[in-house]
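Dear colleague,

I am handing over the structure below, and I would be glad if you kept it open while you read the notes that follow.

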Amino acid sequence: MNVRYVRYFLAVAEHQGFTRAAAALHVSQPALSQQIKLLEESLDTQLFDRSGRNIRLTDSGEVYLQYVRRAFRALDEGKRAIHDVEDLSRGSLRVATTPTFTSYFIGPLVAEFYARFPNINLQVQEMSQERIESLLLNNDLDAGIAFYNGDCKEIESQTLLTETLALIVANHHPLAQRKNVTIDDLNNEKLILLSQEYATRTHIDRNFLQVGLHPKVQIEMNEISAVLEVIRRTSLSTLLPATIAIQNNDLVALPVTGWELGRTAVLMQRRGAWQTAATKAFIDVALELANKTVVAK
């Protein structure tokens, strides 16, 4: 059905005549009458009683008018909703991140985004990088924060920051007063590490092989907060982003001399994906916050 016909019907009903409606619509009266006839034919009913000097709605026309007004109210609300989404007074956003960022970057990022755009419904999930990429490709996520991969050509990335891993110990640990540690020191440490499901652990193991390290991995856990709590209570150490220790007064981050454990954190999207206003705003806030984030080397 042609929406224009329906608009013409509404104008005739509200102006109670073809002459005034034609003037308001800036069309000729014969053209308007023809459009109304076409609408009546498509509905297989007569909408206006034209038998008297003044036209009036038929019973069918009265009923149809109620639905037409309701429909156009919904369309007008839709226009306002589009405007609201564009000016960020409403909307939704789906984001996923790999786990290590949650400890020092995602919390401040979400808090800042909420402070600026409190009416945006933000859904944040923590998952593996492979899962993030899969959901992005299926349009089930708007953005993801993970590490640069470059393997998937359908994913485009914007650099956020460089995450540097360090040996994390409690301030009561024997090494806590040192400014750094060597590979030999690390090889003699008893470690608690994230489990194999973490991209961070894969990165660590790969680097162990490259430099010929065989550290003693005493415990494996799948929660960063749990790892840190064990560190606080024991003489074990771990390898995690140095920034995590900076944000905890009872922890110390020790760079490993001669062993660069840096990796590039990126904000990922499906290549060519439509960016909502909320997505654009989130990216801007993420890039702004990343520039302010102090990442220890």
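A nonpolar core is a set of buried Ala, Val, Leu, Ile, Met, Phe, Trp, Tyr and Cys residues joined through side-chain atoms within 4.5 Å, where buried means under 20% relative accessible area with a 1.4 Å probe, counting protein chains only. This is a predicted model, in which local features need pLDDT of at least 70 and side-chain atom pairs count only at pLDDT 80 or more, while totals for chains, interfaces and linings use all residues. Residues are numbered from 1 along each chain as its sequence is written, and side-chain values use heavy atoms, with hydrogens and water left out.

In the largest nonpolar core there are 42 residues, and Phe105, Leu109 and Ile145 have the most contacts inside it, a contact being heavy atoms within 4.5 Å. Helix H11, residues 277–292, gives the most to this core, with 9 residues. Another core lies apart from it and has 22 residues, among them Phe9, Ala11, Phe18 and Val68.

As for the whole protein, 43% of its 297 residues count as buried, and its 11 helices and 11 strands are DSSP runs of H or I with at least four residues and of E with at least two, numbered from the N terminus. Among contacts with a separation of 6 or more, 74% come from residues 24 or more positions apart. Taken along the principal axes, the box that the C-alpha atoms fill is roughly 105 × 35 × 30 Å.

With best wishes

How values were computed
Buried < 20%, exposed > 50% of the residue type's maximum accessible area, 1.4 Å probe, protein only.
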